[in-house]
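Trainee: I have a model open on my screen and would like to learn how to read it. Could we go through it together?

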Amino acid sequence: MVILTLNCGSSSAKYQVYDWDNKDVLSVGVVERIGLEYSTIEQKSIGKEEYKAKFSSPTHKEAIELILQMLQDEKYGCIKSLSEIGAVGHRVLHGGEMFKKSTLVDDEVVEKLKTLIPLGPLHMPANIMGIEAARKLMPNVPQAIVMDTAWHQTMPKEAFMYAVPYSWYEKYNVRRYGFHGTSHLYCAKRAAVLLGKENKDTNVIILHIGNGASACAVKDGICIDTSMGLTPLEGLVMGTRSGDIDPAIVPYMAKNLGLTAEQMDTELNKKSGLVGLCGMSDRRDVHSAADNGDEKAKLSIAMECRRIKKYIGSYAALLGRVDAIVFTAGVGEMGEHIRRGACEGLESLGIELDEEKNNLSHCRNAETCISKDSSKVKIFVIPTDEELVMTEDAYALMEGTYDIHTNFHYTFEDPNYVNKARARGLKENLKKNPALERIIAVPPKKSSCSVSGC
């Protein structure tokens, strides 16, 4: 049996097929430019040629139809028929206060999701279109939704409330929800494994840094605070999002520029952050420009690192004891200059980055430890795996064994867990960079830390 996961964005649909019996990824792919003059699809199945093509996809329905067709393709696919799909897991941006954990989909659930569109107008319509299309094409297959916000539902009220009129919360659901929840969940539980601790005894700060970025404070294995808020706009400096700003800037600039509230929302979500500061959102481009003397690029990097550092410090104060700092997502996993800037000067908090180890950690197939041996706080780079969380939630819901994460055991919580696809990729990485092996993090065999390279 296989599990299909779908992550439908406003103009894209990412997907993965997971062989539950053999615990291995069979196929990954993405459809992009949905709703534009033409769409593209890229798919790679294990042991097969990569498939790339252009096609017409006015809506997510046509995109998912092609995905299912290509998964069954003899030359490029990974299954013989749709009957092999035992469940489908859908990533959903916003669960509001209605959905505090993953759940199976029915008509009532879909209607409830539609009421949450105002909380995520850019993402929720696409999420729902993907769910409806998949249900229509696979009406007899159990479908599950996995909310980005669910992991953060353990925050205390003093963490998720804003100091605004209380009626805003009561009437309009204005509160901090947090996002990147599946990533934070995965990394929190993997960090506990690498530390040789039980989840309930683990305090970590997770930094999910990609085009979108968020920080999360995890105390005793649960989220107690996070940087994103009502929407994914608040918090860290991001690729195109401003992160934290003085709220008074909004009416001030709206008046000066003659913009509506909706236009200001676009300015802050799509024209701010790094792209607003230096004209580039890809950290590789920003880094290259800074190396070549671009002052705005240098400023952008300094601002991003400073913001991350401020969150580390504030979360360290909330946690009291920090066992580890975790970097994850595209930039967190591959941007050694961002990790360096974020950790610089935090020695007084027991956080000591090893420069050589940090430079070696440029791989998305291995969990690495990049802190000095003397560091009281471990610094891990953990490649996230949101698809696996979605897969396991969908399977457990289908089987009737699912529960909230504090009562549920994921396969990746096992110290002997191996991601087979990444293990294959790591072999190739080690051929090119043998020194990488010495910083690979492994679970300790005893209570004392035996993390390789720590």
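This is a predicted model: local features need pLDDT of at least 70, side-chain atom pairs count only at pLDDT 80 or more; totals for chains, interfaces and linings use all residues.

Trainee: How do the axes of α2 and α3 cross?

Mentor: Two packed helices are described by the angle between their axes and the distance between the axes. Here α2 (residues 107-115) and α3 (residues 124-137) have axes that come within 10 Å and cross at roughly 165°. That makes α2 roughly antiparallel to α3, a label for angles over 145 degrees. Helices are DSSP runs (H or I, at least four residues), numbered from the N terminus.

Trainee: Which residues touch the most other members of the largest nonpolar core?

Mentor: In soluble globular proteins, nonpolar side chains tend to be buried together. In this model the largest nonpolar core has 55 residues, and L113, I145, I205, L207 and I325 touch the most other members. Helix α11 (residues 295-319) gives the largest share of this core, 9 residues. A core here is a set of buried Ala, Val, Leu, Ile, Met, Phe, Trp, Tyr and Cys residues joined through side-chain atoms within 4.5 Å. A second, separate core of 41 residues includes A144, Y186, I206 and A441.

Trainee: What does I325 touch?

Mentor: Not counting residues up to four places away in sequence, I325 touches I205, L207, I312, I351, V377, K378, I379 and F380.

Trainee: Is D323 buried or exposed?

Mentor: D323 has a relative accessible area of 9%, so it is buried; buried means under 20%, exposed over 50% and partly exposed in between, with a 1.4 Å probe and protein chains only. D323 is found in the loop between α11 and β12 (324-328). Beyond four places in sequence, its contacts include L195, K197 and D201.

Trainee: And is P251 buried or exposed?

Mentor: P251, in helix α7 (residues 249-257), counts as exposed because its relative accessibility is 51%.

Trainee: Where does H180 lie?

Mentor: Look in the loop between α5 (166-172) and α6 (181-195). H180 counts as buried at 9% relative accessibility, and among its contacts beyond four places in sequence are R91, D148, H152 and H208.

Note on methods. Residues are numbered from 1 along each chain as its sequence is written. Side-chain values use heavy atoms; hydrogens and water are left out. Helices (H or I, at least four residues) and strands (E, at least two) are DSSP runs, numbered from the N terminus. Contact means heavy atoms within 4.5 Å. Axes are lines fitted to C-alpha atoms, for helices over the stretch in contact, and angles run from 0 to 180 degrees between N-to-C directions. Angles under 35 degrees count as roughly parallel, over 145 as roughly antiparallel, 65 to 115 as roughly perpendicular and the rest as oblique.
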